[in-house]
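I wanted to get to know one protein chain by looking things up in its model. Here are my notes, in the order I made them.

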Amino acid sequence: MPIIDIQGMERHYEMASEVVKALDGVSITVEKGERIVLLGPSGSGKTTLLNCVAALDSPTKGTYDFDGKTVPRLKSEEMTTFRRENIGYVFQFFNLLQDLTVLENLLLIQELSGGRDKKRALELLKLVGLEDEIDRFPAEISGGQQQRVAIARSLAKSPKLLLGDELTGNLDSNTSSMVMEVLVKACETEEITTIMVTHDEKLTKYATRVIRLDSGKIISDEPTGN
Ligand SMILES: Nc1ncnc2c1ncn2[C@@H]1O[C@H](COP(=O)(O)OP(=O)(O)OP(=O)(O)O)[C@@H](O)[C@H]1O
Ligand SMILES: [Mg+2]
């Protein structure tokens, strides 16, 4: 059974004089453990698709099953529960809480999603190479280190699916390679499926599959051989 089964997804935005079809009939099935890079020009619908996959947004048309169950839509409480139980999300700007240490940033997320587990938090920080920085504050570590904290934090609640929107968009190319390598290793170890949105063609080397969007439609969908 695929972890994601999306058929004919559309997301319309009603503007004053027209309807924008940000997604215009997207169908994708994703198997567990796939690492997908989603590419496309600005405005092609990448963030819209990711937000619908995360149940941060509801599609206008189409079906979306996750792990064999219909994903709730337009009911914010059920959508929040779905997200909390299944989805980790990493953004371009790391969104760490500045007055909590690296370790406390992970412990807080665990508390919000069911229970503090310091041993696992420490394991994850080790997995992303930050075992020596656990007591520092975000302002006391580099951008690449902060993004690795954000990755560890998104894994702390054991999501089935990790989503990233331009998660290396704010990093130089060496740092972004390091962050991507950490992410690939962490997702392989934790058997987590990932979908990463980017403008950076170089990131396709970390993917098992590359999907290209244009004007709200999939224009190619190919395995990479990784
Ligand atoms: N809240 C909104 N209201 C109206 N139109 C929107 C809204 N959000 C997105 N759109 C439109 O939907 C389309 C897809 O936007 P989206 O943000 O998904 O693009 P993107 O591929 O993520 O672009 P970028 O690479 O610039 O982040 C665009 O035409 C955009 O203008
Ligand atoms: Mg976007």
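I started at Leu162, which stands opposite Thr194 in S8. A strand here is a DSSP run of E with at least two residues, a helix is a run of H or I with at least four, and both are numbered from the N terminus. Before going on I noted that this is a predicted model, where local features need pLDDT of at least 70 and side-chain atom pairs count only at pLDDT 80 or more, while totals for chains, interfaces and linings use all residues. Residues are numbered from 1 along each chain as its sequence is written, chains are lettered from A and ligands numbered from 1 in the order in which they are written, and side-chain values use heavy atoms, with hydrogens and water left out.

Next I looked up how S7 (residues 161-165) and S8 (residues 193-197) pair: they are parallel, with five bridges. For two strands to pair, DSSP has to find at least two bridges between them. On S6 (residues 87-90) I found four bridges to S7, again parallel. There, Gly88 stands opposite Leu162.

**The antiparallel sheet**

I then turned to an open sheet of four strands, in the order S2-S1-S4-S5, with antiparallel pairing. Its edge strands are S2 (19-30) and S5 (69-70), each pairing on one side only. Between S1 (residues 4-14) and S4 (residues 61-66) I found five bridges. Two of the partners I wrote down: Asp5 goes with Asp65 in S4, and Ile6 goes with Tyr64.

Asp65 also stands opposite Thr70 in S5. S4 and S5 share two bridges and form a hairpin with two residues between them. In that turn, Asp67 has a positive phi of about 55°.

Is Gln110 buried or exposed? Gln110 sits in helix H3 (residues 102-112) and counts as buried because its relative accessibility is 3%. I listed what Gln110 touches (heavy atoms within 4.5 Å), leaving out residues up to four places away in sequence: Gly115, Arg116, Asp117, Lys118, Arg120, Ala121 and Ala156.

Glu85, in helix H2 (residues 76-86), is exposed, with a relative accessible area of 53%. I also took the C-alpha to C-alpha distance from Glu85 to Ser142: they are 30 Å apart in space and 57 residues apart in sequence.

**The whole chain**

Last, I zoomed out. The chain has six helices and 10 strands. Its radius of gyration is 17 Å, close to the 17 Å that the globule rule gives for 226 residues, so the chain is as compact as a globular protein of that length. That radius is taken over C-alpha atoms, and the rule is 2.2 Å times the number of residues to the power 0.38. Buried residues make up 51% of the chain.

Key:
Buried < 20%, exposed > 50% of the residue type's maximum accessible area, 1.4 Å probe, protein only.
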